[in-house]
Amino acid sequence: MERIIIHSDLNNFYASVERLMNPDLKGLPVAVCGSREERHGIVLAKSEEAKKFGVKTGDTVWQAQKKCPKVVIVPPHFDLYIKYSLKVRAIYARFTDLIENYGIDECWLDISKSTLLFPEYNGEKYTEKEGVKYYSEGFLRHLGDVIRNAVKDELGITVSCGVSFNKVYAKLGSDLKKPDGTSVISAAYYKQVIFGLPVEDLLFVGKATCQKLKSMGLDTIGRLAAADDGVMYKTFGKVGQTLLKNARGEDDDPVRHMDDKREMKSIGNSCTYAEDVTNLRKIKRLLYVLSESVAARLRESGQGLADTVHLWVRDSNLNDFSVQKKVRHTALCGEIARHAYDLFEQNVKPPFKVRSLGVTVSGFDNGKSQLTFDETVGNYKKLEKVERCVDEIRKKHGYDKLQRGIVAEDPNEMRNDMKSTHLIKPAKIDYPDED
């Protein structure tokens with residue numbers, strides 16, 4: 001049976017919600033930005049009007065204002081974004097219970113078995129190509145339009161929909177017609193639609209992977225799809241097989257049920273400075289702020305302890321790299337921060353100008369690790385109890401009411417609760433090479 005997968009992407013979501021709350025912003029160039037006072041003044045989202053001036057997510061406030069002098073800067077209201085995200089998902093749930101989140105503003109829907117819940121379609125439902133029967137593009141577009149119009153009519157938020165026969169192509173489709181459009185990549189004509197597109201448009205093709213593919217002459221999705229399996233495996237290992245599968249339209253990954261929880265493979269947070277950081281003490285302080293968020297999220301996740309710490313660094317020229325190290329299983333902020341700082345000292349030599357930092361942990365034990373004698377002597381259990389108590393105090397009285405000494409050196413960082421204010425969204429991934 002041919003699947004029908006819709007990928008929905010809420011357009012300029014943060015900015016759209018801000019306009020719902022303040023209609024005076026309608027028609028104006030708007031940028032939702034972090035706090036300039038706390039040195040996190042970067043663009044988190046922008047309206048179509050701001051986008052036309054070249055304002056981009058990740059720009060600093062001053063960059064956005066230079067590109068668009070009349071841009072209206074508004075602070076983020078994450079509680080409202082979550083509220084509206086849930087409202088949108090409630091609309092989707094009227095059509096299917098196979099709803100898989102992809103960040104706060106994106107979802108996959110599998111409506112293969114629930115098309116009867118949609119308004120009747122008056123055109124031809126099927127088409128035939130080379131003796132094979134497929135859903136018609138008109139019927140598929142009708143389904144996407146129903147979803148799109150329901151969200152717009154009921155909530156006043158626009159959404160772009162990609163409709164296809166697998167998740168990878170549906171995601172690609174939602175990027176083709178923005179804002180407020182439906183794109184169809186049908187099983188009958190997908191090659192004509194996407195094989196000429198740049199290879200970086202394919203889900204999970206990050207910057208490094210893209211550069212390597214292009215160096216092999218695989219600069220379009222079609223050329224990647226036609227690549228030799230053996231060469232791809234030799235170059236990328238098992239990941240090469242996945243890249244080929246996605247490019248060829250062979251992705252068969254199911255859309256998860258709305259109540260299913262995706263298995264976590266990593267937990268992390270990152271931060272961009274409005275000004276380049278050149279001081280090691282400031283680097284160490286930010287790594288502790290990041291690690292506080294990561295450790296607290298890890299403890300809440302139920303994934304147990306982590307055995308790998310990752311550090312990501314981006315410099316003032318927007319060049320970045322990541323390194324990692326194996327550690328004893330831990331969920332302690334202090335240990336995660338120390339490992340991250342060790343990685344920084346080992347890999348970044350002064351003078352340096354750091355624009356962004358990220359800390360991530362992985363290798364979860366799901367609560368199965370046994371503490372060794374050395375760990376018991378090291379008071380791990382006591383330290384863990386202390387950090388859990390800190391979590392509870394912060395929930396009750398506020399994040400800034402209890403802080404480590406190094407973080408308390410900077411009043412701005414004392415209030416920098418990344419766990420509550422940084423909403424995590426998956427992004428393009430660069431897969432490591434495999435032997």
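1. Burial first: 49% of the 435 residues in the protein chain count as buried, where buried means under 20% relative accessible area, exposed means over 50%, and partly exposed is in between, with a 1.4 Å probe and protein chains only. Keep in mind that this is a predicted model, in which local features need pLDDT of at least 70, side-chain atom pairs count only at pLDDT 80 or more, and totals for chains, interfaces and linings use all residues. Residues are numbered from 1 along each chain as its sequence is written, and side-chain values use heavy atoms, with hydrogens and water left out.

2. As for secondary structure, you'll find 18 helices and 14 strands in the protein chain. Both are DSSP runs numbered from the N terminus: H or I over at least four residues for helices, E over at least two for strands. Among contacts with a separation of 6 or more, 65% come from residues 24 or more positions apart; contact here means heavy atoms within 4.5 Å.

3. Have a look at helix 12 (residues 280-301) and helix 13 (residues 333-347), which pack at an angle of about 140° with their axes 8 Å apart. That angle makes helix 12 oblique to helix 13. For reference, axes are lines fitted to C-alpha atoms, for helices over the stretch in contact, and angles run from 0 to 180 degrees between N-to-C directions. Under 35 degrees counts as roughly parallel, over 145 as roughly antiparallel, 65 to 115 as roughly perpendicular, and the rest as oblique. Residues that meet here include Leu 280, Ile 283 and Leu 287 from helix 12, and Ile 336, Ala 337 and Phe 344 from helix 13.

4. Another pair is helix 1 (residues 13-21) with helix 4 (residues 78-92), whose axes are 10 Å apart at an angle of about 100°. So helix 1 is roughly perpendicular to helix 4. On the helix 1 side the contacts include Phe 13, Tyr 14 and Met 21, and on the helix 4 side Phe 78, Tyr 81 and Tyr 84.

5. Two non-glycine residues have positive phi, so I'd check both. Asn 12, with phi near 45°, sits in the loop between strand 1 (5-10) and helix 1, and is buried at 17% relative accessibility. Glu 130, with phi near 50°, is in the loop between strand 7 (126-129) and strand 8, and counts as exposed at 76%.

6. Then the cis peptide bonds. One joins Lys 178 and Pro 179, with omega about -10°; Pro 179 is in the loop between helix 6 (167-174) and strand 10 (182-185). Another joins Pro 350 and Pro 351, with omega about 0°, and Pro 351 belongs to the loop between helix 13 and strand 14 (354-364).

7. Ser 136 lies in the loop between strand 8 (132-135) and helix 5 (137-155). Its relative accessible area is 8%, so Ser 136 is buried. Leaving aside residues up to four places away in sequence, Ser 136 touches Tyr 121, Glu 124, Lys 125, Tyr 126 and Thr 127.

8. Last, cysteines: the structure holds zero disulfides, a disulfide being a pair of cysteine sulfur atoms within 2.5 Å. Cys 33 is buried at 2% relative accessibility, and Cys 68 is buried with a relative accessible area of 1%.
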